Amino acid sequence: MYNLSEDIGETTTLAAVQVDKRDELLDDLIKWQEEIDAPIPREINPEYETEVMVSILT
């Protein structure tokens with residue numbers, strides 16, 4: 001979560017400050033994923049292995 005009008009480079013996350021909004025958005029995302037039966041990747045795509053992706057998925 002970022003304030004793009006003040007932080008166009010997305011350098012400061014607001015997720016820790018606006019916890020209620022973060023949780024609301026996460027709940028909405030989870031409900032939407034369930035509604036459309038969206039597959040959630042559980043394995044690393046061998047075509048896209050970066051240190052960032054490895055740390056996220058492990």
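E24 is partly exposed, at a relative accessible area of 40%. Partly exposed denotes the range between buried (under 20% relative accessible area) and exposed (over 50%), with a 1.4 Å probe and protein chains only. The model is predicted: local features need pLDDT of at least 70, side-chain atom pairs count only at pLDDT 80 or more, and totals for chains, interfaces and linings use all residues. Residues are numbered from 1 along each chain as its sequence is written, and side-chain values use heavy atoms, leaving out hydrogens and water.

The chain has 2 helices and 0 strands. These elements are DSSP runs, numbered from the N terminus; helices are H or I with at least four residues, strands E with at least two. Of the 58 residues, 3% count as buried. The chain exposes about 5,400 Å². Carbon and sulfur atoms supply 54% of that area. Areas come from the Shrake-Rupley method with a 1.4 Å probe; for residues, only the protein chains shown count as cover.

Helix α1 has 17 residues. From first to last C-alpha, α1 reaches 24 Å, close to the expected 24 Å at 1.5 Å a residue. The expected span is 1.5 Å times one less than the number of residues. D37 follows α1 and has a positive phi, near 55°.

The structure holds 2 salt bridges. A salt bridge is a side-chain nitrogen of Lys or Arg within 4 Å of a carboxyl oxygen of Asp or Glu. Side chains of opposite charge can pair when their charged atoms come close. E24 bridges to K21 at 3.6 Å, N to O. Both residues lie in α1, 3 residues apart, about one turn of the helix. K21 is partly exposed, at 38% relative accessibility. D23 and R22 form a salt bridge at 3.1 Å, N to O. D23 is partly exposed at 32% relative accessible area, and R22 is partly exposed at 34%.

D7 lies in the segment before α1 (19-35). D7 is buried yet has no salt bridge. The nearest side chain of opposite charge, R22, is 16 Å away. Lys and Arg count as positive, Asp and Glu as negative; His and the chain ends are not counted. The D7 side chain instead reaches the backbone nitrogen of T12 at 2.8 Å. Leaving aside residues up to four places away in sequence, D7 touches Y2 and T12; contact means heavy atoms within 4.5 Å.

Terms used:
Polar contact = N/O pair within 3.5 Å; in protein donor to acceptor, adjacent residues only side chain to side chain.
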